[in-house]
Amino acid sequence: MLLIRLLEEEIANQYPKQKMRCPTHLSIGQEAIGAAVGLILSKKDQTVSTHRAHAHYIGKGGDIKAMLAEIFGKSTGCSSGKGGSMHLIDRSVGFMGSTAIVGNTIPVGVGIGLSNKINKNNFVSCVFLGDAAVEEGVFHEAANFAVLHKLPVLFICENNLYSVYSPLHVRQPSDRQIYKWIEAYGMESHCADGNNPIEASLLISSSVEKIRSGMGPIFLEFSTYRWREHCGPNYDNEIGYRSVEEYEKWKDIDPLKRLKNELIEKGWLNEDTYEKLISALNLKVEEAFRFAEDSPFPDQSDAYNHVLAEE
Amino acid sequence: MSKKNHISFANAINEAIDIALNQDPSVLCFGLGVPDPKGVFGTTIGLQKKYGEERVFDMPTAENGMTGIAIGAAISGMRPIMTHQRLDFFLLAMDQVVNNAAKWHYMFGGEGNVPITIRLILGRGWGQGPTHSQNLQSWFAHIPGLKVVMPATPIDAKGLLLSSIFDPNPVIYLEHRWLHNSTGDVPEGDFRIPIGSANLLREGQEATVVAYSATVPEALLAVDFLRTNHNIHCDLLDLRSISPMDWEKVFASVNKTGKILVLDTGSSTNSFAGEIVARVAMNCWNSLKSPPQRIAMPDIPIPTSYALTKGLYPDSYTIASKILEMLGSGIVPDELLASSSSDHDVPGKWFNGPF
C-alpha cells in the first residue's frame with residue numbers, strides 16, 4: 001500500500017511535465033483494497049480491473065517498471081505502449097487486464113471464473129468494479145450468470161461515492177445499499193470500511209476461502225474515497241461537486257495512516273523502520289521512473305503489429 | 001479425398017461444431033436457444049446431449065455480458081462459439097466485441113488473444129422488419145482486429161466455421177437465414193477453408209461479378225442465365241470472407257474484364273461493396289472500361305409489410321439487367337428469370353415461417 005502511495009504521488013508530481021501523455025486515474029486515498037486483495041490472492045488467482053487500476057495492478061504484484069513505461073508510452077510498457085494507464089496487464093502475476101469502459105471487464109472476470117471452474121484449478125477470479133458499474137446492465141448479467149453456475153468469482157466494489165463528478169445519490173436511490181441490492185441475486189454480500197485495511201483484509205481473506213471451497217461468488221462493497229480529481233494529478237474540491245469538509249473527513253481516515261498507527265500501537269512497527277521502508281520503496285520508485293524515461297519509444301511501424309494474433 | 005454427403009447449410013454448421021467440440025475440450029458452444037428443441041434452425045441440435053451441459057448451454061438474455069464472458073473464457077484458454085438468432089440482438093454486445101475482443105491482443109501489446117467465434121444470423125423476409133433483418137457486416141469489417149466470414153454454400157459453411165473456431169482471433173461468422181436450407185456436397189470429417197480466400201465460381205471475359213452470402217445464389221442464376229441465353233461470360237467471385245479480404249482475386253479479375261459489379265446484402269451507403277468499388281478504382285484504374293457498379297439495399301430500414309418488401313431485394317433479374325446495361329448490350333433479360341420463386345419474402349417453398 002505504501003508503494004502504491006509513493007509511486008502515485010510521484011506520478012502526480014511529474015505529470016505536469018507532460019511526458020505521461022495519457023488519461024491517468026490515480027487511486028490515492030483508496031489504495032487499501034487493491035493492496036489487500038493482492039496480498040491475499042495468489043499470483044495464479046486472476047484479477048481484472050477498471051480505468052482506475054494502478055492500485056490493483058501494483059497490489060497484485062504487477063511490474064511497476066512496465067506500468068510506468070506504459071504510462072510514458074514506451075516500448076517496454078506492459079502493453080507495448082498500445083494501452084496506456086487505462087490498459088494495464090501483467091499475466092505473470094494474474095493481472096489479466098484493465099480496461100476503460102465502465103463495467104467492461106466485469107463479465108470478462110466472470111468468464112475467467114467459468115474457465116477456472118471448468119478446468120477445476122481452484123483459482124479465484126477477482127473483479128474490481130466501482131459504484132457506477134453496478135448501474136450497467138452488464139454487471140447484472142454477469143452476476144446472475146456467476147450465481148447460476150456458482151463460479152469462483154470475488155466481486156470487489158470500491159464505492160468512492162462519485163462517478164466522475166456525479167455523486168451516488170443522483171445515480172442510485174439513497175435508501176439502498178449496493179451490497180443489499182446484490183444480495184437479492186442470491187449472492188453472499190457484505191459491506192465494510194474500505195479505509196480500514198486490517199478489517200477489510202480479514203473480510204477478503206474469509207471470502208476467498210469460501211469461494212475456493214466451491215460455494216460460488218461473493219460480493220464485497222468497500223466504502224472509500226479518492227483524494228484527487230477523477231482523472232489527472234490535481235485536487236478538484238473547488239469545482240463544486242463535492243465539499244472540502246467531505247474531503248477532509250475522508251483524509252482523516254487515510255487507510256495508510258491508520259494501518260501505520262495500528263501497527264505501531266501493536267508494536268509491530270516503529271517510526272524508524274517506517275522511514276527506512278519509505279526510503280527503500282522510494283528507491284524502487286525512482287528506479288522505475290528512470291527505466292520508463294530511459295526506455296525507447298516504440299517504432300512508428302509497431303502501430304501496425306498485434307492487429308491479429310499469429311497462428 | 002474423404003467421403004462427401006449431400007447435406008444442408010444448417011447441417012454443415014452442426015457438423016462443424018460437432019467436430020470442434022469432439023476434437024478440442026476447450027471448445028464451448030452457447031447462446032440463447034442452443035440446447036432447445038429447435039436448436040437454432042437445426043444448427044445446434046443434439047450437441048448438448050452429446051457433449052454435456054458444461055460445454056453446450058443456454059444463456060441468460062445478456063448479450064453484452066455473455067460476450068465479455070466468452071472473451072474472458074477465451075483469454076484463459078477456452079474457444080467459445082457463441083450463437084445469436086439474429087445479428088440485431090447482438091448490437092447490445094458491441095462494447096465487448098469492439099472495445100475488447102477486437103483490440104485485446106493489440107492494446108496489450110500482443111499479450112493474450114481472443115479465439116472466439118460469434119455466429120450471427122442475418123434475417124430476411126417474412127415480415128422480419130426493421131430490427132430482425134439488418135445486414136451490418138460492414139460495421140464489423142470496419143473494425144481492425146475482427147475477422148468477418150460470410151459463407152454462401154454448405155461446403156464453405158463447414159470449412160470456414162472450423163477455420164473460425166480454431167483461429168486465434170475473434171471471428172464474426174455471419175450466416176444468412178435464407179441459406180440454411182440450401183444443400184450441397186460436403187466432405188465428412190474435419191476440413192478447413194482458409195479465411196480470406198475468395199472462390200471463383202464462374203469464369204468469363206466480359207465482366208466481373210463480386211458476390212457474397214445470400215447474393216451468391218442470385219448471382220449464379222444471373223450469370224448462368226446470361227451464359228446460356230446470350231453467350232455472355234462473366235467471372236463470378238464468391239468472397240466467402242470480407243475481412244481479411246481476397247483483394248488479389250478481385251483485382252486480377254477486374255484487370256482482365258475491365259468491368260465490375262459488386263453485390264451487397266447491406267444498405268448502400270458505407271456498404272462493403274462501396275469499399276470494393278473504391279479499392280478497384282484506386283488499384284485498377286487503367287484497366288477499367290466503365291464505372292464500377294454496385295447493387296445493394298436502399299438506404300432505408302427494412303419494412304415489415306409483404307407489400308413494402310416486394311421489389312425491395314435485388315434478385316437475379318436485377319443483376320442480369322445491370323450486367324447487360326454495363327455491357328451496353330441493349331438486351332432485356334427474360335422476365336421468367338425473375339419469377340423463379342413464388343413469394344418474394346420466403347427463401348423457398350419449404351419455408352413456412354415464422355422465422
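Opposite B:Leu236 in E11(B) stands B:Arg202. The model is predicted: local features need pLDDT of at least 70, side-chain atom pairs count only at pLDDT 80 or more, and totals for chains, interfaces and linings use all residues. Residues are numbered from 1 along each chain as its sequence is written, while chains are lettered from A and ligands numbered from 1 in the order in which they are written. Helices (H or I, at least four residues) and strands (E, at least two) are DSSP runs, numbered from the N terminus. Strand E9 (residues 199–202) of chain B runs antiparallel to E11(B), with 3 bridges between them. Strand E10 (residues 207–211) of chain B pairs with E11(B) in the parallel sense, over 5 bridges. Two strands pair if DSSP finds at least two bridges between them. B:Asp238 in E11(B) is the bridge partner of B:Ala211. From E10(B), the chain crosses through helix H10 (residues 215–230) of chain B to E11(B) in a right-handed β-α-β crossover. Right-handed means that, with the strands pointing away from the viewer, the path from the first strand over the helix to the second runs clockwise.

**Burial of strand E11 of chain B.** Which way do the residues of E11(B) point? B:Cys234, B:Leu236 and B:Asp238 point one way, B:Asp235 and B:Leu237 the other, and all are buried. A residue is buried if 20 or more other C-beta atoms lie within 10 Å of its own, exposed if 12 or fewer, and partly exposed in between, with C-beta atoms placed from the backbone. Because 5 of the 5 residues of strand E11 (residues 234–238) of chain B are buried, the strand is largely enclosed by the rest of the structure.

**Loops around strand E12 of chain B.** B:Arg240 sits in the loop between E11 and E12 of chain B. Its phi is near 65 degrees, a positive value in a residue other than glycine. B:Arg240 is buried, with 25 other C-beta atoms within 10 Å. B:Pro244 belongs to the loop between strand E12 (241–243) and helix H11 (247–257) of chain B. The peptide bond from B:Ser243 to B:Pro244 is cis, with omega near -5 degrees.

**A positive phi in chain A.** Is A:Lys120 buried or exposed? A:Lys120 is exposed, with 7 other C-beta atoms within 10 Å. Its phi is positive, about 50 degrees, although A:Lys120 is not a glycine. The residue lies in the loop between helix H5 (106–119) and strand E3 (125–130) of chain A.

**Helix H14 of chain B and its cover.** Buried residues of helix H14 (residues 316–326) of chain B include B:Ser316, B:Tyr317, B:Ile319 and B:Ala320. B:Lys322, B:Ile323 and B:Met326 are buried as well. An α-helix has 3.6 residues a turn, so residues three or four places apart point the same way. The cover over the buried residues of H14(B) includes E10, H10, E11, strand E13 (260–267) and strand E14 (293–297) of chain B. B:Gly328 follows H14(B) and has a positive phi, near 60 degrees.

**The two domains of chain B.** The domain assignment of chain B gives domain 1 (8–187) and domain 2 (199–339). Such bounds come from an automatic or database domain assignment. The centres of the two domains, taken over C-alpha atoms, are separated by 27 Å. Domain 1 of chain B brings 26 residues to the contact and domain 2 of chain B brings 20 residues. Two residues are in contact if their C-beta atoms, placed from the backbone, lie within 7 Å. On the domain 1 side, helix H8 (137–141), strand E6 (147–149), helix H9 (154–165) and strand E7 (171–176) of chain B each supply at least two residues. That side has 14 nonpolar, 9 polar and 3 charged residues. Ala, Val, Leu, Ile, Met, Phe, Trp, Tyr, Cys and Pro count as nonpolar, Asp, Glu, Lys and Arg as charged, and the others, Gly among them, as polar.

**The contact between chains B and A.** How many residues does each chain give to the contact? Chain B gives 32 residues and chain A gives 32 residues. On the chain B side, helix H4 (63–75), helix H6 (94–101) and helix H7 (104–107) are the elements that give two or more residues. H4(B) gives the most, with 10 residues. By class, the chain B side has 14 nonpolar, 15 polar and 3 charged residues.
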